[in-house]
Amino acid sequence: MATHHSHYDPENSTTHYTVLPDQPESAGSGHRKSLKVVSGILLSSFFLLSLVFVIVNQSSDLSQKNSHSSETLTPALSRGVSQGVSEKTFRDVSGGSLSYYPWTNAMLTWQRTAYHFQPQKNWMNDPNGPLYHKGWYHLFYQYNPDSAIWGNITWGHAISTDLIHWLYLPFALVPDQWYDINGVWTGSATFLPDGQIMMLYTGDTNDYVQVQNLAYPANLSDPLLIDWVKYRGNPVMVPPPGIGVKDFRDPTTAWTGPQNGQWLLTIGSKIGKTGIAIVYGTSNFTNFKLLDGVLHAVPGTGMWECVDFYPVSTDEANGLDTSYNGPGIKHVLKASLDDDKHDYYAIGTYDPVKNKWTPDNPQLDVGIGLRLDYGKYYASKTFYDPKEQRRILWGWIGETDSEAADLLKGWASVQSIPRTVLYDKETRTHVLQWPVKEIESLRIGDPLVKRVNLQPGSIELVHVDSAAQLDVEASFEVDKAALEGTIEADVGFNCSTSGGAAKRGILGPFGVVVIADQTLSELTPVYFYIAKGPDGRAETYFCADETRSSEAPGVAKQVYGSSVPVLDDEQHSMRLLVDHSIVESFAQGGRTVITSRIYPTKAINGAARLFVFNNATRASVTASLKIWSLESADIRSFPLDQL
């Protein structure tokens, strides 16, 4: 692709928002690294090669071993915490040690997704600075160029015209300066009125201090944004008094402030055990002033990472640019809690003059109320898409297997399918998350349409071409007589402690079983469960059960989920995106969402099956299904000869 290159000259720009040097301190395109970084990579590579050698010796020939082993592996060393970020090692398997499983090449190959974004190899975590520029969507992401475990964090870069098919580009930012030598961490993009893009990101310094840095495109006329310049005056923000040097990270997209020419942004932190969002103001993105007070604080929630802050319309069905405010506008405040590794959000009112955000319902405040996703989902980030006038949400979907398995397969983590985010005008307490409409371009032909009457305790096979890549829409009509005739049922139900889909109740569970084998020795049910209190009020829960998702030890086998509002005129409805080792499940139009990672040993390739079921003891359920098989997305490297 031929592009006209005109280097951005900040000093001759007519805008009063941007004052930057015309000589870059360093180009961030990833073509060069400092000797320190190279040395670090060599040392870490030696360590990793040693680890792989041990693992390979333990596993012998993976393609020929089919029996279980009694060997155990010591859980991997903690990664990330010593440098001041959240844990980047999966450590939720109980027992203190991981039983080794002889994964075959077929099993590991099957786990790679078909239409979720992931690099060709190695480790990935947080989505960074997503934006739309000159016909291309840009995704930057935390990436380790050297291994399938966390470390050497660099910004990967990929582009797409439709958010589904992606082209990998050269690295955007690499750790090659004293202020980011230990990692180019999470950041966000802001568009200025003149079209300039300000990319603020957290750098981990040579002394392991978290600072905020500025980068910007070397050539705005390049739609691919190949080359990035780091501001030679970096860092532009350092930890203020009272804030720990490892508790100051992840700047948000900026929004216009109440004063003319002012921009504001927020950064996550903590004071003691109180999670906070502090706000900085600037007029030029090189000089920042800390505002008095905090945007918001919630005691007991710990460190707030990857804070996100954006407006939603209470009247319209469009997304809003980050600077919108006024009548008919609410603001969503979201934080990724370092303490429990979940993304929480709340809806409230923002007063830019007082620099305060107030939740609509203090009982549903950030960190103590609603979660964006009740499964494996973290470090999410939204951006405004001016092309389609929508707000799009990305999230990091980590692994829930062992690092040993990740090293064997050569990669770790995927990004969620991008989701549109809207205010739920019906409940007025939730946001609605829904897969971007472009995912429907992968649907193959007409859907399989099926209506099934499920008696209590029944399960039925649904014949599909490929159960590993599906888009499933399902609604369930519960027998009204049983529902109204039940006085009290399963009061105090909780997805995570319920025992999963095998635990039968009067009014549930009922739903869809994905990635199951024919004998149901491996299966992942996604389902509704209706509890009813003595006051006659029914409360619906939406759950995903991984307890029998794999016969392998050393992988997560949890029951995820939460309650979901089901209004009087609504049927129980769900949509499932099934993509090999990841299942994204959306209930009631996206009020409650669950992402699951699964690692089956038998329910793979042609052996994978799909079922519908009703495990209630009293209520019959009628299921209505629309099921599409999905093609694979085209995700590959950009032709370098066209750069």
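Is tryptophan 255 buried or exposed, and what is its relative accessibility? In this predicted model, tryptophan 255 counts as buried because its relative accessibility is 3%, and the cut-off for a buried residue is under 20%.

Tryptophan 255 also takes part in an aromatic pair, and its partner is tyrosine 350. Tyrosine 350 is likewise buried, with a relative accessible area of 7%. The pair links distant parts of the chain: tryptophan 255 belongs to strand 12 (residues 255-256), whereas tyrosine 350 belongs to strand 19 (residues 342-351), and the two residues are 95 residues apart.

The count of aromatic pairs in the model comes to 29. One of them joins tyrosine 141 and tyrosine 143 in an edge-to-face arrangement. Tyrosine 141 is buried at 4% relative accessibility, and tyrosine 143 is buried at 8%. The geometry of the two pairs described here is set out below.

| Aromatic pair | Centre to centre | Angle between planes | Arrangement |
|---|---|---|---|
| Tyrosine 141 and tyrosine 143 | 5.9 Å | 80° | edge-to-face |
| Tryptophan 255 and tyrosine 350 | 5.9 Å | 85° | edge-to-face |

Both rows count as edge-to-face because the angles of 80° and 85° are over 60 degrees.

Tyr141 and Tyr143 also belong to one aromatic cluster, together with Phe117, Trp166, Tyr168, Phe171 and Trp394.

Charged side chains form a further topic. The charged end of lysine 409 sits over the ring of tryptophan 411, 4.3 Å from the ring's centre. Arginine 112 also lies over the face of tryptophan 411, at 5.7 Å from the ring centre.

Terms used: Residues numbered from 1 in each chain as written. Predicted model: local features only at pLDDT ≥ 70, side-chain atom pairs only at ≥ 80, totals over all residues. Heavy atoms only, no water. Phe/Tyr/Trp six-rings, centres within 6.5 Å; stacked < 30°, edge-to-face > 60°. Buried < 20%, exposed > 50% of the residue type's maximum accessible area, 1.4 Å probe, protein only. Helix = DSSP H or I, 4+ residues; strand = E, 2+ residues; numbered from the N terminus. Lys NZ or Arg CZ within 6 Å of the ring centre and 35° of its normal.
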